[in-house]
Amino acid sequence: MPSLQQYHTFSLASNCASIVEFDSVDSFLQAYNPEVNTYILGGGSNSVFLDDFEGVVLVNKIKGISHYDTESHHHISVGAGEDWHEFVSLCMQNGWFGLENLALIPGSVGASPIQNIGAYGVEVHSFIDSIEAILLETKEPFLIKGADCQFGYRDSIFKHALYGKALITKVNFTLPKAYDVVASYGELSAIDCPNAKDIFNKVIEVRKAKLPDPKQLGNAGSFFKNPVIALAHFEELKCHYLDIPSYPVSENQVKVPAAWLIDQMGFKGKALNGVRCHPTQPLVLTNIGNAQGNDLIALAKEIMNSVESEFKITLEPEVRLVGREGLIQL
Ligand SMILES: Cc1cc2nc3c(=O)[nH]c(=O)nc-3n(C[C@H](O)[C@H](O)[C@H](O)COP(=O)(O)OP(=O)(O)OC[C@H]3O[C@@H](n4cnc5c(N)ncnc54)[C@H](O)[C@@H]3O)c2cc1C
């Protein structure tokens, strides 16, 4: 059985029946068998194979980038197997701005709309005009407009009605020529009159300082989503925790940083067998050596139970956890 260890950034030692890399729609269709349990993979930075996967893993390597511009916009079509950060870097080199806040996010362009990647106050959906895909059932190509993708916080139609039903082959981005950089978030707000390249460089610098590099230390980025809770619930918590941070979401809801909740429960730096809650960013769980899927589940559940009992807040994993037969929920 081939090893998946190098195919997912958490790097647990797991295997599968076979791994096939494809670089075109034709080669995907040749490899895809609807009768066989299949997992489509990009860079494996949002997927953790907890166990041996009893199926075929198809790895997207569809490349190609084309660009044209109009008076007001840059239009860029990108093969789903292109590397996300390399694409953002190319945009910077060419003066196509907008995606700079999303620098250094690992993974493929094709996965970026699936959880609507976001960082430093920007989400990718703002720049997605449309997505080209193949409907697995009929093998027919289709195009879906960004406006129809039901994008939300780490969410899209590809996690719901189109979950497991489509292969994304191309993402079509529209970047406005005239726009203001988003510099209000965290360390970015300290830069004096930043331009897009300043933001790009700062994001890279901060991310390198804060987040473990998956090439050095296995991890899948933020393990949990930041929970969104009712304002009334938040006000109640604030009576006990005066410094609890929050970001407004709507009139009646706020987002609470999961890292703060986890930190309050004393998990920062805590290790369980081969898995550790990262010392500088407790939202990231890391593989500190020969971790097993069960170790990761055990630590994740301990964190979830602890946060739930103290704050009455249910943490939800942001990563896709893959078991023997496919995705599993904690
Ligand atoms: C260190 C680190 C930092 C991170 N920081 C951030 C961050 O700041 N913001 C953020 O939003 N995310 C972040 N992530 C998460 C991750 O980088 C993103 O979710 C990224 O978009 C995943 O891309 P991927 O190609 O690696 O996805 P994969 O893990 O390969 O796939 C993710 C999901 O998409 C599906 N999929 C992949 N490609 C296709 C396709 N072409 N067609 C159909 N389905 C497909 C897979 O089946 C799977 O369910 C981080 C991860 C790491 C390791």
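What percentage of the 330 residues of the chain count as buried?

1. Basis of the note. This is a predicted model, in which local features need pLDDT of at least 70 and side-chain atom pairs count only at pLDDT 80 or more, while totals for chains, interfaces and linings use all residues. Residues are numbered from 1 along each chain as its sequence is written, and side-chain values use heavy atoms, with hydrogens and water left out.

2. Burial and surface. Of the 330 residues, 48% count as buried; buried means under 20% relative accessible area, exposed over 50%, and partly exposed in between (1.4 Å probe, protein chains only). The accessible surface of the chain is about 15600 Å², and carbon and sulfur atoms account for 48% of that surface. These areas come from the Shrake-Rupley method with a 1.4 Å probe, and for residues only the protein chains shown count as cover.

3. Overall dimensions. The radius of gyration of the chain is 20 Å, which agrees with the value near 20 Å for a compact globule of 330 residues. The radius is taken over C-alpha atoms, and the globule rule is 2.2 Å times the number of residues to the power 0.38. Along the principal axes, the C-alpha trace spans about 55 × 50 × 35 Å. Among contacts between residues at least 6 apart in sequence, 61% join residues at least 24 apart, a contact being heavy atoms within 4.5 Å.

4. Secondary structure and annotation. The chain has six helices and 20 strands; helices (H or I, at least four residues) and strands (E, at least two) are DSSP runs, numbered from the N terminus. An unreviewed UniProt entry carries the annotation "domain: FAD-binding PCMH-type" for residues 12-178. UniProt positions are given in the numbering used here, feature names are shortened, and annotations may be inferred rather than shown by experiment. Over residues 12-178 the chain is 11% helix and 38% strand, with the end C-alpha atoms 44 Å apart.

5. Nonpolar cores. A nonpolar core is a set of buried Ala, Val, Leu, Ile, Met, Phe, Trp, Tyr and Cys residues joined through side-chain atoms within 4.5 Å. The largest has 39 residues, of which Trp84, Phe87, Leu99, Leu102, Ile131, Phe158 and Phe173 touch the most other members. Two or more residues of this core come from each of strand E6 (73-79), helix H2 (84-94), strand E9 (128-135), strand E11 (166-176) and helix H3 (196-210). Apart from it lies another core of 37 residues, including Tyr241, Ala259, Leu296 and Ile297.

6. Helix H6. The 19 residues of H6 (residues 293-311) should span 27 Å at 1.5 Å a residue, and the end C-alpha atoms are 27 Å apart, in agreement. The expected span is 1.5 Å times one less than the number of residues. Among the buried residues of H6 are Leu296, Ile297, Leu299, Ile303 and Phe311. Just after H6, Lys312 takes a positive phi of about 55°.

7. Further positive phi values. Most residues other than glycine have a negative phi. Ser11, although not a glycine, has a positive phi of about 60°; Ser11 lies in the segment before strand E1 (16-22) and counts as partly exposed at 22% relative accessibility. Asn116 has a positive phi near 50° and is placed in the loop between H2 and strand E7 (118-119). At 0% relative accessibility, Asn116 counts as buried.
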